[in-house]
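Reader: Hi! I'd like to talk through this model with you before I set anything up. Could you put it on screen?

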Amino acid sequence: MKDYFKVTTRTIVATGLGAALFMLLFMYVKVPSPIPETSLQTAYGLGAFFAVLFGPIAGGLIAFIGHALSDALQYGSPWWSWVIASGVCGFAYGLAYKKTGVEEGEFKGKSIVVFNIIQIVGNIIAWVVIAPVLDIVIYKEPVNLVFTQGIVAAAMNSVTVAIIGTLLLVAYNATRTQKGSLDKE
Amino acid sequence: MNSKLFSYNYIDTPVHRLSGLTKLIAFLFLTFAVMFSYDIRVILLVMVFSLFVLRLSKIKYRQIRLMVIYVAVFIITNAIITFFFSPEEGVKIYGTRHVLFKIAGPYVVTQEQLFYQLTKLFKYSSVIPLGITFLLTTNPSEFASALNGVGVHYKAAYAVSLTLRYFPDIQREYRNISLSQQARGLDMSKKAGFATRVKNALLIIIPLVFSTLDRIELISNAMDLRGFGKHNRRSWFSKKPFTTSDFIALFISVLIFTGTILVSVFINHGRFYNPFI
């Protein structure tokens with residue numbers, strides 16, 4: 001368990017560059033979904049990918065910093081309740097760190113299911129519980145409005161991570177050498 | 001696409017001369033004050049103050065036009081959906097009901113709802129000038145030292161500084177990849193269907209991510225070789241020492257913050273100001 005929270009120089013650098021990528025995708029690469037007025041935020045797929053590779057601390061910070069800075073750039077000031085929820089979901093994605101075997105080239109079948117269960121649970125906690133509750137506590141937004149927004153966000157982000165996150169991990173997996181792939185002749 | 005992250009450039013104004021740490025603390029105090037209060041008098045006061053600071057820092061409209069448009073769209077959308085989802089929110093908060101006119105079904109415009117939404121509109125727009133001033137007058141490399149100054153661990157602060165440092169690079173790379181994929185016939189327009197567009201987004205993201213992963217290895221090796229993270233503290237190259245004006249700025253922001261809290265506790269007895277009773 002201690003491994004999950006170890007912060008090395010590599011974690012820091014991955015956090016910094018991951019957050020820059022997250023920011024970029026968050027602002028420029030949105031895919032409009034078939035449902036009107038909503039779009040898939042590809043940034044969360046990327047956040048999940050980095051979280052699985054570098055652990056929950058990196059995942060949480062990437063989503064938090066990336067979301068806060070892109071909000072600041074676009075709106076002048078971050079919307080704190082959703083920025084915090086982003087951080088929480090990034091952290092939750094990171095709980096799949098070392099559970100998927102992607103570094104050993106074994107990301108298939110069962111690992112894909114494990115990764116997706118973790119990310120869906122993480123999204124539900126972040127967007128259906130934390131974001132609306134903070135919206136009410138911090139901003140006193142109307143209750144039914146924030147929960148509807150939260151449920152839509154959770155669904156959209158789960159779909160995004162399931163598509164983009166999984167495919168990125170599969171692509172990364174293909175570049176890794178499998179354990180025991182060498183035979184003695 | 002603007003390739004410079006914050007269009008920060010140094011002009012000699014009192015706001016630019018303040019240390020980054022002061023500006024961060026003042027920004028946090030003032031935004032928390034506005035976030036906490038639902039009293040339109042307090043909010044308008046902070047708004048006037050923040051517009052004054054914006055003016056003092058000589059920011060031109062050209063620099064912030066895009067932000068202003070985004071914010072206006074956000075605030076208007078928020079106002080419409082708030083009314084759509086809970087037209088009686090104001091009545092619930094203030095406890096009285098003065099009907100102005102009816103629209104249809106449950107959608108009745110009341111004075112309370114109008115007052116609530118007006119307060120909210122000013123509440124959200126009053127922090128924007130503060131955020132803009134903070135972003136445009138703070139040197140990005142001083143930002144990390146300011147974060148460390150308010151108690152964020154230096155490793156996290158350093159991650160933020162890396163983000164700010166590498167964002168323009170990654171943006172440039174994104175543009176190169178995107179253009180070369182389009183030259184090869186990738187359809188980025190609205191004509192393509194949903195599945196194709198997801199696939200096309202991936203065709204840009206994958207090369208971007210893999211080149212970033214290589215860069216992570218390179219940078220972290222370089223930082224390790226220079227002994228990054230060996231100690232519990234570090235010093236910052238771009239840290240400004242405090243001056244008298246820093247203390248004055250801090251004093252004003254603390255004053256506004258405590259003032260807001262005191263008004264809520266002793267005058268309004270809650271976060272809302274109720275003119276209806």
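**Confidence, domains and helix packing**

Author: Happy to! This is a predicted model, and chain A averages a pLDDT of 87, with 97% of its residues scoring at least 70.

Reader: Thanks! Where in chain A is confidence lowest, and where is it highest?

Author: The lowest is strand E1 of chain A, residues 30-32, with a mean of 78. The highest is helix H2 of chain A, residues 42-54, at 93.

Reader: Good to know. Switching to chain B: which domains does the assignment give?

Author: Domain 1 of chain B covers 13-139 + 244-277, and domain 2 of chain B covers 141-237.

Reader: And how many residues of each are in contact?

Author: Six residues of domain 1 of chain B contact seven of domain 2 of chain B. The domain 1 side of that contact has three nonpolar, three polar and no charged residues. Taken over C-alpha atoms, the centres of the two domains are separated by 33 Å.

Reader: Now helices. At what angle do H7 and H8 of chain B pack?

Author: About 165 degrees, with the axes 8 Å apart; H7(B) is residues 140-149 and H8(B) is residues 154-183. An angle over 145 degrees counts as roughly antiparallel, so H7(B) is roughly antiparallel to H8(B).

Reader: Is that crossing left-handed or right-handed?

Author: H7(B) and H8(B) cross in a right-handed way.

Reader: Which residues meet there?

Author: From H7(B) come Pro140(B), Ser141(B), Phe143(B), Ala144(B), Leu147(B) and Asn148(B). They meet Tyr154(B), Ala157(B), Tyr158(B), Val160(B), Ser161(B) and Leu164(B) of H8(B). By class, this contact has nine nonpolar, three polar and no charged residues.

Reader: Nice, that's handy. What about helix packing between the chains: at what angle do H6 of chain A and H4 of chain B cross?

Author: Roughly 110 degrees, and their axes come within 8 Å. Since 65 to 115 degrees counts as roughly perpendicular, that is how H6(A) lies relative to H4(B). The crossing here is right-handed.

Reader: Which residues make the contact?

Author: On H6(A) they are Asn144(A), Leu145(A) and Thr148(A), and on H4(B) they are Ile81(B), Thr82(B) and Phe85(B).

Reader: And how many of those are nonpolar, polar or charged?

Author: The contact of H6(A) with H4(B) has three nonpolar and three polar residues, and no charged ones.

Reader: Great, thanks for the tour!

Notes: Residues numbered from 1 in each chain as written. Chains lettered and ligands numbered in written order. Predicted model: local features only at pLDDT ≥ 70, side-chain atom pairs only at ≥ 80, totals over all residues. Axes fitted to C-alpha atoms, helices over the stretch in contact; angles between N-to-C directions. Helix = DSSP H or I, 4+ residues; strand = E, 2+ residues; numbered from the N terminus. Parallel < 35°, antiparallel > 145°, perpendicular 65-115°, else oblique. Left-handed = near helix turned anticlockwise from the far one by under 90°. Contact = placed C-beta atoms within 7 Å. Nonpolar A, V, L, I, M, F, W, Y, C, P; charged D, E, K, R; others polar. Domains from an automatic or database assignment. pLDDT = per-residue confidence, 0-100.
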